[in-house]
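Work through the exercises below with the sequence and the 3D view open. Each task is followed by a solution in steps.

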Amino acid sequence: MRDTLVLNASFEPLSTVTLNRAVVLVLQDKAVVEQAHPELRMRGAAVDIPAPRVIRLCQYVRVPFRRRAPWSRRGVLVRDRHRCAYCGRRATTVDHVVPRSLGGQDTWLNTVASCAEDNHRKADRTPEQAGMPLLREPYEPTPADAMLLALARDDFDALPEWLASAAA
C-alpha cells in the first residue's frame, strides 16, 4: 500500500494517509496535489487524476505541538536507513549502545541499527568495551523528520527537492 504525505496549508508535514484517502481529499476539494507518482493514474467513469504522492490541505489545520517523535524499533531502522552503525552493511536488528543490563534505555540516543552479526559480537558491552566504534552517532529526529524518513524509506529521491532536503 502506498503512503501519501499530507501537508498542512502552511506546507508543514502533518501525517501520511493511504492513496485512496488522498484521492478522496483531492476529489472533495479539501486538498491539492503537490506531487504525483509519475507512472500512476487514478481513473474512474468521470475522473482521471494523477495518483498523489504529496498533497496539501486547502485550509490550515491547527495541531497540538509534539515535542518528540515516539521511539520504536522500526523508527530506528528507518532513521539509520537500514544500515549497520558498526560496519555499514544491511541492518536487521536494533542494538543498545549502552546495554539494557547496564541501565541503557529504549531511546533515540541509545539505540542504533545493527546487523545481526555485529549485534551478537558486541553482546552485552558498550562499543568502547567491544572495540567497535560507531560509524555515525545516533540522533533524535523531530516528529516531522521521522514522518518524512518513514515515507521516503524506499525511494528518497522521489520526494520533491524541498521536502527531501528537510528530511536529509
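**Exercise 1. A residue in a loop**

In which loop is His82 found?

Solution. His82 is in the loop between helix 2 and strand 5. Helices (H or I, at least four residues) and strands (E, at least two) are DSSP runs, numbered from the N terminus. The model is a predicted one: local features need pLDDT of at least 70, side-chain atom pairs count only at pLDDT 80 or more, and totals for chains, interfaces and linings use all residues. Residues are numbered from 1 along each chain as its sequence is written, and side-chain values use heavy atoms, with hydrogens and water left out.

Next, consider the backbone. His82 has a positive phi of about 55 degrees although it is not a glycine. Arg81 is found in the loop between helix 2 (73–79) and strand 5, and Arg81, not a glycine either, has a positive phi of about 55 degrees.

Last, consider exposure. Buried means under 20% relative accessible area, exposed over 50%, and partly exposed in between (1.4 Å probe, protein chains only). His82 counts as partly exposed because its relative accessible area is 22%. Arg81 is at 45% relative accessibility, so Arg81 is partly exposed.

**Exercise 2. The overall layout**

State how many helices and strands the protein has, and give their order.

Solution. Count the elements: there are six helices and six strands. Then read along the sequence, where the pattern is β-β-α-β-β-α-β-β-α-α-α-α.

Now turn to the totals. Of the 168 residues in the protein, 42% are buried. The protein exposes about 10000 Å², of which carbon and sulfur atoms supply 52%; accessible areas come from the Shrake-Rupley method with a 1.4 Å probe, and for residues only the protein chains shown count as cover. A contact means heavy atoms within 4.5 Å. Among contacts between residues at least 6 apart in sequence, 59% join residues at least 24 apart.

**Exercise 3. Pairing of strands**

Find how strand 1 runs relative to strand 2 and to strand 4.

Solution. Two strands pair if DSSP finds at least two bridges between them. Start with strand 2 (residues 13–18), which is antiparallel to strand 1 and joined to it by five bridges. These two strands form a hairpin with five residues between them, and Phe11 in the turn has a positive phi of about 70 degrees.

Go on to strand 4, which is parallel to strand 1 and joined to it by three bridges. Val6 shows both pairings: it stands opposite Ser15 in strand 2 and opposite Ile55 in strand 4.

The hairpin from strand 3 to strand 4 passes through four residues.

**Exercise 4. Cover on strand 4**

How many of the 10 residues of strand 4 are buried?

Solution. Eight of them are, and strand 4 is mostly covered. Take Arg53, which has its place in strand 4 (residues 48–57). Arg53 counts as buried because its relative accessible area is 10%. Its C-alpha atom is separated by 4.9 Å from that of Ala36, 17 residues apart along the chain.

Then take Leu57, which lies in strand 4. Its relative accessible area is 13%, so Leu57 is buried. Leu57 and Ala31 are 26 residues apart in sequence, with 4.2 Å between their C-alpha atoms. Leaving aside neighbours within four places in sequence, the contacts of Leu57 include Val6, Leu14 and Ala31.

**Exercise 5. Side chains that reach a backbone oxygen**

Which backbone oxygen does the side chain of Thr4 reach, and which does that of Asn110 reach?

Solution. A polar contact is a pair of N or O atoms within 3.5 Å; within protein, one must be able to donate a hydrogen and the other to accept it, and residues adjacent in sequence count only if both atoms are side-chain atoms. Thr4, in strand 1 (residues 3–7), reaches the backbone oxygen of Pro52 with its side chain at 3.1 Å. Thr4 is at 0% relative accessibility, so it counts as buried.

Asn110 lies in the loop between strand 5 (93–96) and strand 6 (111–114). Its side chain reaches the backbone oxygen of Gln105 at 2.9 Å. Asn110 is buried because its relative accessible area is 8%.
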